[in-house]
Amino acid sequence: MILDASATTTAAPAVGWARAAEAGCRFRRIVEADLPFLGRLYASTRAEELAPVPWSQADKDAFLDQQFRAQHAHYQQHYPDADWLVIAHCDEDIGRLYIERWPSQHRIIDIAFLPEHRGRGFGSALLADLLDEAAAVGKDVSIHVEKLNPAMRLYRRLGFAIEEDKGVYDLMRWRATALR
């Protein structure tokens, strides 16, 4: 597991990120102590999906913990150079942003917020800043989005288009060349 235990201070994104700052968002690199929060955050993104499953809450919790750990290990293995960031607002951890900046594009690995912080403009601000950062270096931005994810509307509004059907997910891309 790749965690930077020494990085407990705020991690500054590569370019200004003025919208996120105006929204009160701060970032810090994840550390081992963040795993319980990140696990709860992951579980919150799957709650609606698991609601109709006739399992006990303990079974659901165990399943979600196993799924989170598998996802976390997968991300760490397949995106070794990514920025693994906790998003904070008013000294409260509210989400995560995982992004890898490849030579050809920026890949948003994951962006998620706790339910009480969704729909409040934080995602819009972060994504607009990410697009500005990518545009400044002439790179596209891509992300895999579940087909039924309500954030799909936001991605489309920001100019992302479906590039490839991946089954449950769509690979979406925002093209920097569209700005030229």
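**Reading a predicted model, feature by feature**

Student: Is Asp-91 buried or exposed?

Tutor: Asp-91 is exposed, with a relative accessible area of 69%. Buried stands for under 20% relative accessible area, exposed for over 50% and partly exposed for what lies in between, with a 1.4 Å probe and protein chains only. This is a predicted model, in which local features need pLDDT of at least 70 and side-chain atom pairs pLDDT 80 or more, while totals for chains, interfaces and linings use all residues. Residues are numbered from 1 along each chain as its sequence is written, and side-chain values use heavy atoms, without hydrogens and water.

Student: Where is Asp-91 placed, and what is its phi?

Tutor: Most residues other than glycine have a negative phi. Asp-91 has a positive phi of about 60° although it is not a glycine. Asp-91 sits in the loop between β2 and β3. Cys-90 is in that loop too, with β3 covering 92-101, and its phi is positive at about 50°, again without being a glycine. Cys-90 counts as exposed because its relative accessibility is 62%.

Student: How many helices and strands does the protein have?

Tutor: Helices (H or I, at least four residues) and strands (E, at least two) are DSSP runs, numbered from the N terminus. The protein has five helices and seven strands. Read from the N terminus, their order is α-β-α-α-β-β-β-α-β-α-β-β.

Student: What does His-89 contact, leaving aside its neighbours within four places in sequence?

Tutor: Contact means heavy atoms within 4.5 Å. With those neighbours left aside, His-89 is in contact with Ala-23, Gly-24, Cys-25, Ile-94 and Phe-122. His-89 belongs to strand β2, residues 83-89. Its relative accessible area is 14%, so His-89 is buried. A polar atom of the His-89 side chain lies 3.1 Å from the backbone oxygen of Ala-23.

Student: Which side chain makes a polar contact with that of Arg-29?

Tutor: A polar contact is a pair of N or O atoms within 3.5 Å; within protein, one must be able to donate a hydrogen and the other to accept it, and residues adjacent in sequence count only if both atoms are side-chain atoms. The side chain of Arg-29 makes such a contact with the side chain of Asp-83, at 3.0 Å. The two residues are 54 apart in sequence, and their C-alpha atoms are 7.2 Å apart in space. Arg-29 lies in strand β1, residues 25-29, and is partly exposed, with a relative accessible area of 29%.

Student: At what angle do the axes of α2 and α3 cross?

Tutor: Axes are lines fitted to C-alpha atoms, for helices over the stretch in contact, and angles run from 0 to 180 degrees between N-to-C directions. Helix α2 (residues 35-50) and helix α3 (residues 57-78) have axes that come within 9 Å and cross at roughly 115°. On the α2 side the contact is made by Leu-35, Leu-38, Gly-39, Tyr-42, Ala-43, Arg-46 and Leu-50, and on the α3 side by Lys-60, Phe-63, Leu-64, Gln-67, Phe-68, Gln-71 and His-72.

Student: What place does Gln-71 have, and what does it contact beyond its neighbours within four places in sequence?

Tutor: Gln-71 lies in helix α3. It counts as buried because its relative accessibility is 18%. Leaving aside those neighbours, Gln-71 is in contact with Tyr-42 and Arg-96. Gln-71 and Tyr-42 are 29 residues apart along the chain, with 9.4 Å between their C-alpha atoms.

Student: How many residues does the protein have, and what share counts as buried?

Tutor: The protein has 180 residues, and 45% of them count as buried. Of the contacts with a separation of 6 or more, 58% are between residues 24 or more positions apart.
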